[in-house]
Amino acid sequence: MTRSPAAGGAGLTRPGLAWALPATAFFAVFALVPLALVAVLSFTAWNGVDSPRAAGLANWTALLHDPVMLKSLWLSALLTTLGVLVQTPISLLLGVWAAGHQRHRAILSAIYFVPLLLSATAVSVLWRALLDPNFGLPAQAPWLFGDGNLLGSRDGAIGVLAFVGAWQWTPLHTLIYQGAARAIPQVLYQAAAIDGAGRLRQFWHVTLPQLRTTMVTSTVLMVVGGLTTFDTVLILTQGGPGTETTISAYYMYEQGFKSFDFGQASAIALVLVLVATLVSLAMVRLSGYDAMRAGTEGI
Amino acid sequence: MKHVSTAPHRRASSPSHPSRAPRRSHVPLTATALACAAALSLVTACGSSGGSGSGGSGVIHVLAYGDAGNTVEKSIVDTFNKTSKVKAVLDTIPGADYQSKLQTVINTPQAPDVFFNWGGGSIAPFVKAGLLMPLDDMIAKDPALKADFLPSVFNTAVIDGRSYGVPMRGTQPVLLFDNKKVLADAGLTPPTTWDQLLDEVRTLKAKRITAIALGGGDQWPELMWFEYLFDRVAGPGVLQKAVGGDKSAWSSPESTKALGLLKQLIDAGAFGTTYDSVKFTDGGSPALLAKGKAAFELMGSWEYATQQSANPDFAKNQLGYSAFPSVADGQGDPNDLVGNTNNFYSVRSTTKYPDAVAQFLKLMYSDEFVKAQLAIGNLPTTTNTPKFLASSASPAYSQYQYDLVERAPSFQLSWDQAYPPAAMTPMHQAVQRFFDGQLDAGGFVAAMQALPTP
């Protein structure tokens with residue numbers, strides 16, 4: 001009956017509002033209510049011991065003049081951008097390759113997939129040990145790592161965070177691209193071959209355009225993942241050296257659960273919500289995600 | 001590494017703890033959620049599910065930092081329960097989460113009657129909020145509750161002239177550890193003066209050995225160098241003034257001199273170049289010392305236990321220890337110590353059974369307590385401790401430390417614990433940035449002056 005051509009078919013009952021109730025209630029209790037409470041807290045001074053005291057705009061003015069906050073936003077943006085720039089080409093190429101039918105492809109794909117199965121915490125602990133300057137990889141390969149002060153210098157620490165993020169998340173995006181590449185109709189490649197297009201031109205003029213919407217999906221996931229990165233920073237750098245890798249999410253944690261300044265932490269949280277919302281809106285607008293066209297044009 | 005846990009990590013998050021596992025949720029999740037939402041009192045209603053309430057039930061709850069040391073706490077609770085009508089129940093919170101969990105539960109009906117803490121800044125916010133019971137009345141009834149502890153330790157939990165804590169574990173002074181073999185091979189002995197230390201750094205550097213292992217990635221090991229240098233150059237007064245709210249103490253000439261000496265040591269290459277990539281907590285810097293890649297490490301007394309579990313042979317044969325060197329023309333007594341004086345039991349003012357609590361606290365200077373602590377490698381700070389030192393897990397080391405603590409005119413609590421928790425992160429960052437060269441002496445002084453005081 002779902003095949004009925006009549007728009008809004010008379011015999012078709014739409015699910016009642018009651019179906020949405022559990023999800024709505026869940027969302028309200030665990031997202032909207034806390035968000036409202038955080039908004040209230042951001043105008044108070046609260047260390048978790050006394051009752052919250054009204055503090056007016058104190059938290060917000062402090063945030064406005066806080067160099068660490070500004071830097072943390074910039075760092076979040078930098079790490080997110082690095083993530084997209086590093087992961088997109090690698091996962092695109094791997095995904096397209098894995099969509100083929102080469103020998104050993106299944107085995108190699110399975111191996112590439114492994115990092116995704118590990119928890120981010122385990123991955124960070126592992127790399128922390130591997131990158132120890134005295135007993136890890138740097139000690140074995142000084143020609144590559146110099147003195148090995150990777151996590152102790154600003155550029156090194158940012159590089160390590162980007163690398164570990166890529167190491168863990170590239171498999172997910174590879175999987176997405178693999179599925180999308182598989183879905184590209186073979187006739188397009190056959191037609192291109194008849195027109196005399198080689199492998200490179202086929203990739204450039206058939207595969208890439210067909211993967212356009214997938215790229216948007218993958219990029220959105222990367223940006224969201226990048227902005228909410230926390231565990232790798234907590235374990236690999238703890239925001240250091242100094243405040244060189246204190247990204248916004250980590251700064252919020254630090255203010256809240258290490259310094260017990262929940263008012264200030266709430267203000268940072270709201271800034272994060274605001275920034276993430278703006279970024280999502282911008283991405284949806286720019287990519288045409290809201291009016292996404294079918295990927296298989298011309299078929 | 002059993003009792004590494006007690007102090008330094010309380011604020012340094014341990015690398016492997018997974019985030020918040022739900023506690024004792026036997027009720028289906030949605031039901032709990034709905035109930036809480038209805039009550040609209042998320043924090044108090046859901047903070048912990050009933051079990052640990054202390055209302056009129058003939059029970060006192062004792063909250064302790066969860067680690068290997070709990071065996072002693074458990075046996076003391078058992079001893080107490082044998083004779084007391086009011087029963088004690090021991091609750092523990094796993095290490096790294098302790099301070100934040102305590103902070104969220106202390107002002108709720110589920111608050112413990114007696115709880116573990118580090119004295120100083122760790123309880124100052126509670127005292128200010130009027131949540132703790134001064135123990136002076138108990139002490140008036142039973143003077144041993146104060147007199148049977150070493151004063152330099154007991155004073156850590158005295159705030160505004162009133163006593164708020166009774167020592168309940170072991171003392172952990174910071175010592176200069178060394179690798180005896182590396183020193184012998186270079187023809188050196190542990191330095192007794194700052195100039196000798198500088199000389200030895202140069203000698204070791206010429207032999208391509210990192211003079212001093214440093215877990216800069218943890219940040220607090222770097223702080224230990226500041227603590228000792230300030231004490232040796234200026235005496236304990238600078239920090240006491242600063243914590244008391246007199247920020248000008250940081251810009252005194254002594255402060256500048258101490259920072260200059262430290263800068264000189266860093267610039268001499270004493271710590272190598274990669275210390276900020278190395279941590280103590282993951283075994284990085286202790287391994288440098290044990291494997292002979294470094295000659296010294298300045299660390300709390302738990303270094304011994306750490307080495308004993310990671311490199312037993314090294315701990316037994318090659319691990320040396322000495323006091324921090326003296327500084328020429330310094331105003332501080334060379335016998336002064338810094339570190340973690342001890343851990344303390346404090347009492348929540350709402351407890352229904354203060355008399356039972358007083359009886360419980362008396363066990364903290366009992367012979368049984370001292371013997372049990374010594375057996376697991378902790379060094380208690382009671383006056384009857386020397387009687388039992390021979391039964392310690394490592395008698396010579398225990399005796400050495402006890403003598404140091406007994407002799408010390410001042411035993412300064414680690415700065416990050418003397419200040420309230422809010423100061424910890426900015427203090428650690430300033431310390432690390434000074435070591436990195438990102439902050440000069442003036443910048444460091446300004447950062448310290450910006451810290452919140454109790």
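## Packing of α11(B) and α21(B)

In this predicted model, helix α11 (residues 220-234) and helix α21 (residues 424-436) of chain B pack with their axes 9 Å apart, at an angle of about 80 degrees. Axes are lines fitted to C-alpha atoms, for helices over the stretch in contact, and angles run from 0 to 180 degrees between N-to-C directions. α11(B) is therefore roughly perpendicular to α21(B), a label for angles of 65 to 115 degrees. Helices are DSSP runs of H or I with at least four residues, and strands are runs of E with at least two, numbered from the N terminus.

On the α11(B) side, B:Trp220, B:Glu222, B:Leu223, B:Trp225 and B:Phe226 meet B:Met427, B:His428, B:Val431, B:Gln432, B:Phe434 and B:Phe435 of α21(B). Contact here means heavy atoms within 4.5 Å. Eight nonpolar, two polar and one charged residues make up this contact. Ala, Val, Leu, Ile, Met, Phe, Trp, Tyr, Cys and Pro count as nonpolar, Asp, Glu, Lys and Arg as charged, and the others, Gly among them, as polar.

## Packing of α21(B) and α22(B)

The axes of α21(B) and helix α22 (residues 441-449) of chain B cross at roughly 175 degrees and come within 10 Å. That makes α21(B) roughly antiparallel to α22(B), the term for angles over 145 degrees. B:Met427, B:Ala430, B:Val431 and B:Phe434 of α21(B) are in contact with B:Ala441, B:Phe444, B:Ala447 and B:Met448 of α22(B). By class, this contact has eight nonpolar, no polar and no charged residues.

## Interface of chains A and B

Contacts between the chains involve 34 residues of chain A and 38 residues of chain B. The two chains bury about 3,200 Å² between them, 56% of it on carbon and sulfur atoms; buried area is the accessible area (1.4 Å probe) that two parts lose on being put together, summed over both.

One salt bridge is found across the interface, with a side-chain nitrogen of Lys or Arg within 4 Å of a carboxyl oxygen of Asp or Glu as the criterion. B:Asp282 pairs with A:Arg128, and their closest N and O atoms are 3.6 Å apart. On the side of chain A that touches chain B, α1 (21-41), α5 (120-130), α12 (231-236) and α13 (248-258) each supply at least two residues. α1(A) gives the most, with four residues. This side of chain A has 15 nonpolar, twelve polar and seven charged residues.

## Salt bridges over all chains

The structure holds ten salt bridges over all chains. In one, B:Arg169 pairs with B:Glu73, the closest N and O atoms being 2.9 Å apart. B:Arg169 lies in the loop between β6 (166-167) and β7 (172-179) of chain B and B:Glu73 in helix α3 (residues 70-83) of chain B, so the pair ties together parts that are 96 residues apart in sequence.

## Basis

Residues are numbered from 1 along each chain as its sequence is written, and chains are lettered from A and ligands numbered from 1 in the order in which they are written. Local features need pLDDT of at least 70, side-chain atom pairs count only at pLDDT 80 or more, and totals for chains, interfaces and linings use all residues, while side-chain values use heavy atoms, with hydrogens and water left out.

Terms used: Angles under 35 degrees count as roughly parallel, over 145 as roughly antiparallel, 65 to 115 as roughly perpendicular and the rest as oblique.
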